[in-house]
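Please read it beside the model shown below.

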Amino acid sequence: MGKNADGSRRIIEEIFGAGNYELTKELIGADAVGHDPAQPAPINGPDGVAASARGYRDAFPDLTLTVNQQIADGDYVATRWTAKGTHKGDLFGIAPTGKQTTVTGITIDQWTDGKVAESWTNWDTLGLLQQLGAVPAAMQTA
Amino acid sequence: MPLEFPTPDHMPCPDCGASVPVAAEEAHECDDERQLDFRLVELGPDIARFDDDLAAWLDTPDGRFACFMAQYDR
């Protein structure tokens, strides 16, 4: 894998998975835009990514992310990842449950001049809410 | 093939909160430390309510008198 893929891996594992927020300055473009289904608005620039990661890590202080697979195509890198963490802080208005959760997701990064210019993430928000007990894990049958 | 309501690959153990694979073949064993942490978080709202109630009571005449007596008896 090339430099872009290595950068995408570092964003997931080191920024979101270890709380190294300073790394956003090195890897995220100043005008970068990120899209996350769990965020109410686009994520803007290094500070936006740091705030997003901080939000998740406040809710899951022991959060770790593992990269499962990467596919690179030109300026684009697709990364399939697994996140694991214990819910110890407020998340989407849900009070801490102490439950450990495991979710998967896929992020596609577009790289320009060595930094991420735009990023699209889809992750298992429903699965997380089910694991936290906020949504039934199975439909009740009559 | 009919689509089914989605279910996660992992679910938290109801006793200790650990994330356990739903399809795991081996039985899950709870870790004592995690179980204690999990219970403390579960009881967090009750503990906070008790602290608030105690603080409010300590601010009443009865509470202040109890504090005085506790210090006097020490």
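Which residue in strand 6 of chain A does Gly34(A) stand opposite? The residue opposite Gly34(A) is Ser119(A). The model discussed here is predicted.

## The sheet of chain A

Chain A holds an open sheet of 6 strands in the order 2-1-6-5-4-3, and the pairing is mixed. Strand 2 (43-44) and strand 3 (64-73) of chain A form the edges, each pairing on one side only. Strand 1 (residues 28-35) and strand 6 (residues 115-123) of chain A run parallel and are joined by 4 bridges.

## Helices on the sheet

Helix 3 (residues 45-59) of chain A packs on the sheet and touches strand 1 and strand 2 of chain A. The direction of helix 3 makes about 45° with that of strand 1 of chain A. Helix 4 of chain A also packs on the sheet, where it touches strand 5 and strand 6 of chain A. Its direction makes about 160° with that of strand 5 of chain A.

Helix 4 of chain A spans residues 125-132, and its buried residues are Gly127(A), Leu128(A), Leu129(A), Gln130(A) and Gln131(A). Their cover includes strand 5 (100-112) of chain A and strand 1 of chain B. Just after this helix, Gly133(A) takes a positive phi of about 85°.

## Contact between the chains

In the contact between the chains, 15 residues of chain B meet 16 residues of chain A. On the chain B side, strand 1 (10-12) and helix 1 (32-42) each supply at least two residues. Helix 1 of chain B gives the most, with 4 residues. By type, the chain B side divides into 8 nonpolar, 5 polar and 2 charged residues.

Key
Residues numbered from 1 in each chain as written. Chains lettered and ligands numbered in written order. Predicted model: local features only at pLDDT ≥ 70, side-chain atom pairs only at ≥ 80, totals over all residues. Contact = placed C-beta atoms within 7 Å. Nonpolar A, V, L, I, M, F, W, Y, C, P; charged D, E, K, R; others polar. Buried ≥ 20, exposed ≤ 12 C-beta atoms within 10 Å, placed from the backbone. Pairing = 2+ DSSP bridges. Axes fitted to C-alpha atoms, helices over the stretch in contact; angles between N-to-C directions.
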